[in-house]
Amino acid sequence: MKLGRQSVIMEIINERDIETQNQLLEALAERGVKSTQATLSRDIRDMRLVKEMGPNGSYRYVAATKQDNSALDVRLRKIFKEGVLSYDIAQNLLVIKTLPGLAPAACSALDSMEIDGLVGTLAGDDTAFIAMRDNVAAQSFYHEIEELI
């Protein structure tokens, strides 16, 4: 459902200039896709959509360029490096303790790094769980964290 909705969002912003979330909600509804403003905001964030000035001088949603994503990755890596207090490994899981409120940022940083063997992340307020495909991948990533920090 989420991937289908996000696919339709990409089609819409590639076909026409969308300036506001309300316009995007209306365009989704025209295509039979129901969404709330909160869900749409999360989709925009997850898809890393940004506003840029269009040819007619108004702003529109577009997918972030690779350069924009690399700038984001640098910021997220910095958050990860400065916010992690400790980390440990338990078979194919890593547990990362962060400053209060920074576990979601640490997980976002990890998700953006395209790490081999990373299955998924789960963040609480100050604790992040990282699931790796197997013990070998977890051990390898554990050593990468040592180098990063």
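Here is a walk through this structure, from the overall layout down to its helices and strands.

Before we start, keep in mind that this is a predicted model: local features need pLDDT of at least 70, side-chain atom pairs count only at pLDDT 80 or more, and totals for chains, interfaces and linings use all residues. Residues are numbered from 1 along each chain as its sequence is written, and side-chain values use heavy atoms, with hydrogens and water left out.

Let's begin with the big picture. The protein chain contains six helices and six strands. Here helices (H or I, at least four residues) and strands (E, at least two) are DSSP runs, numbered from the N terminus. If you follow the sequence, the pattern reads α-α-α-β-β-α-β-β-α-β-β-α. Draw a box along the principal axes, and the C-alpha atoms fill roughly 50 × 30 × 25 Å. The chain has 149 residues, of which 34% count as buried. Buried means under 20% relative accessible area, exposed means over 50%, and partly exposed lies in between (1.4 Å probe, protein chains only). The chain exposes about 9,100 Å², with carbon and sulfur atoms supplying 52% of that; accessible areas come from the Shrake-Rupley method with a 1.4 Å probe, and for residues only the protein chains shown count as cover. As for contacts (heavy atoms within 4.5 Å), take those in the chain with a separation of 6 or more: residues 24 or more positions apart account for 48% of them.

Now to the helices at the start of the chain. Two packed helices are described by the angle between their axes and the distance between the axes. Axes are lines fitted to C-alpha atoms, for helices over the stretch in contact, and angles run from 0 to 180 degrees between N-to-C directions. Helix α1 (residues 2–15) packs with helix α3 (residues 37–46) at an angle of about 75 degrees, and their axes are 11 Å apart. That makes α1 roughly perpendicular to α3. In this wording, angles under 35 degrees are roughly parallel, over 145 roughly antiparallel, 65 to 115 roughly perpendicular, and the rest oblique. On the α1 side, Lys2, Arg5, Gln6 and Ile9 make the contact, while α3 brings Thr39, Leu40, Asp43 and Asp46. Sorted by class, the contact of α1 with α3 has two nonpolar, two polar and four charged residues. The classes work like this: Ala, Val, Leu, Ile, Met, Phe, Trp, Tyr, Cys and Pro count as nonpolar, Asp, Glu, Lys and Arg as charged, and the others, Gly among them, as polar.

Helix α3 has another partner. The axes of helix α2 (residues 21–30) and α3 come within 10 Å and cross at roughly 105 degrees, which makes α2 roughly perpendicular to α3. Here Gln21, Leu24, Leu25 and Leu28 of α2 meet Gln37, Leu40, Ser41 and Ile44 of α3. The contact of α2 with α3 divides into five nonpolar, three polar and no charged residues.

Let's zoom in on Ile44, which sits in helix α3. Ile44 is buried, with a relative accessible area of 9%. Not counting residues up to four places away in sequence, Ile44 touches Gln21, Leu24, Leu49 and Tyr61. Ile44 and Gln6 are 38 residues apart in sequence, but 8.6 Å apart in space, C-alpha to C-alpha.

Next come the strands. Strands of a sheet pair through backbone hydrogen bonds, either parallel or antiparallel. Two strands pair if DSSP finds at least two bridges between them. Strand β1 (residues 49–53) and strand β2 (residues 59–63) pair in the antiparallel sense over five bridges, with Val50 opposite Val62 in β2. Their hairpin has five residues between the strands, and Gly57 takes a positive phi near 90 degrees there.

Further along, four strands form an open, antiparallel sheet in the order β3-β4-β6-β5. The edge strands are β3 (84–90) and β5, each pairing on one side only. Strand β4 (residues 93–98) is joined to β6 (residues 127–132) over five bridges, and Ile96 stands opposite Ala128 in β6. Five bridges also join β5 (residues 118–123) to β6, and a hairpin of three residues connects β5 to β6.

Two helices lie across this sheet. Helix α5 (residues 103–112) covers β4, β5 and β6, running at about 165 degrees to β5. Helix α6 (residues 135–148) lies across β3, β4 and β6, at about 160 degrees to β3.
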